[in-house]
Amino acid sequence: MFKDVAKPFLEHLKESILHFYSDDPQKSPDYGRIVNTRHFDRLTALLASGAIYHGGRHDRADKFIAPTVLVNVSPDSPVMQEEIFGPILPVLEVDNVQQVINFVNARPSPLGLYIFAEDQHVAEQILDLTTSGDAAVNDCTIQPLVPDLPFGGVGNSGMGKYHGEWGFRTYTNARGVLYHGTRIDPDLRYPPYSSPKALRERIAS
């Protein structure tokens, strides 16, 4: 996220979380829980990867972790080294688009790349200069629901594509078969190979 919009973005993000789940998300009927205590412990350990801007409350007995926004996060911190699969959002600040591109390209290609930008040129620049399994502009995690779009990773994030024709091609073997007749088989294909003059005579015969 660009530094000049970080502050208003964080304020809007906090407002949205409060609007969705109130100031006590543990009581919200729309807010889920962590699947088990092992993942609860893994996620709560990640909270130390930055400063908590919003959220951070957790209850192990209830396997509850509040929607949490982290700031001042180092790219080398634990939360940036694995797929989170939990309600923790690290926010990193950059100065320009090139820093975004460099950040993505310095790491294994992601399964999904999500770009939020009103400037279409910026979005296309990032898409053109990075690699990912899939991508979405101004939305996230919705592209797998579109059956006409190929879905799947690249490199470390997975191999092959799914959906429609893409899935058919991935899970089938396109076997090439050539049939050759038995009556015509030019001998110029076979040795002995000789001078161009001799070769012309062989063709003429």
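Me: What makes up the lining of the second largest pocket, by class?

Reply: In this predicted model, the lining has twelve nonpolar, three polar and one charged residues. Pro and Tyr count as nonpolar, whereas Gly counts as polar.

Me: Where is the centre of the second largest pocket, in terms of residues?

Reply: The pocket holds about 300 Å³ of space. Of its 16 lining residues, the closest to the centre are Tyr 31, Pro 67, Gly 86, Pro 87 and Ile 88.

Me: Which elements give two or more residues to that lining?

Reply: They are α1 (3-21), β4 (68-71) and β5 (88-90). The most comes from α1, which gives four residues.

Me: Why is His 54 called buried?

Reply: Buried means under 20% relative accessible area. His 54 has 14% relative accessibility, so it counts as buried. The residue lies in strand β1 (residues 51-54).

Me: What does His 54 touch, leaving out residues up to four places away in sequence?

Reply: His 54 touches Lys 14, Ile 17, Leu 18, Pro 67, Thr 68 and Val 69. A touch here requires heavy atoms within 4.5 Å.

Me: Why is Ser 22 called partly exposed?

Reply: The class lies between the buried limit of 20% and the exposed limit of 50%. Ser 22 has a relative accessible area of 35%, so it is partly exposed. Its place is in the loop between α1 and α2 (37-46).

Me: What makes the phi of Ser 22 worth a remark?

Reply: Most residues other than glycine have a negative phi. Ser 22 has a phi near 70 degrees, a positive value in a residue other than glycine.

Me: How many helices and strands does the chain have, and in what pattern?

Reply: There are six helices and seven strands. Along the sequence the pattern reads α-α-β-β-β-β-β-α-β-α-β-α-α.

Me: How do you know whether the chain is spread out or compact?

Reply: For 205 residues the globule rule gives 17 Å, and the radius of gyration is 28 Å, well over that value, so the chain is more spread out than a compact globule. Along the principal axes, the C-alpha trace spans about 95 × 40 × 30 Å.

Me: What share of the chain's residues is buried?

Reply: Buried residues make up 24% of the 205. The chain exposes about 14300 Å², with 57% of that supplied by carbon and sulfur atoms.

Key. Residues are numbered from 1 along each chain as its sequence is written. This is a predicted model: local features need pLDDT of at least 70, side-chain atom pairs count only at pLDDT 80 or more; totals for chains, interfaces and linings use all residues. Side-chain values use heavy atoms; hydrogens and water are left out. On a 1 Å grid over the protein atoms alone, a cavity is a set of points where a 1.4 Å probe fits but cannot get out, and a pocket is an open set with protein on both sides within 12 Å along at least five of seven lines; lining residues have an atom within 4 Å of a point. Grid points are joined across faces, edges and corners, and a volume is the space filled by probe spheres set on the points. The radius of gyration is taken over C-alpha atoms; the globule rule is 2.2 Å times the number of residues to the power 0.38. Buried means under 20% relative accessible area, exposed over 50%, partly exposed in between (1.4 Å probe, protein chains only). Accessible areas come from the Shrake-Rupley method with a 1.4 Å probe; for residues, only the protein chains shown count as cover.
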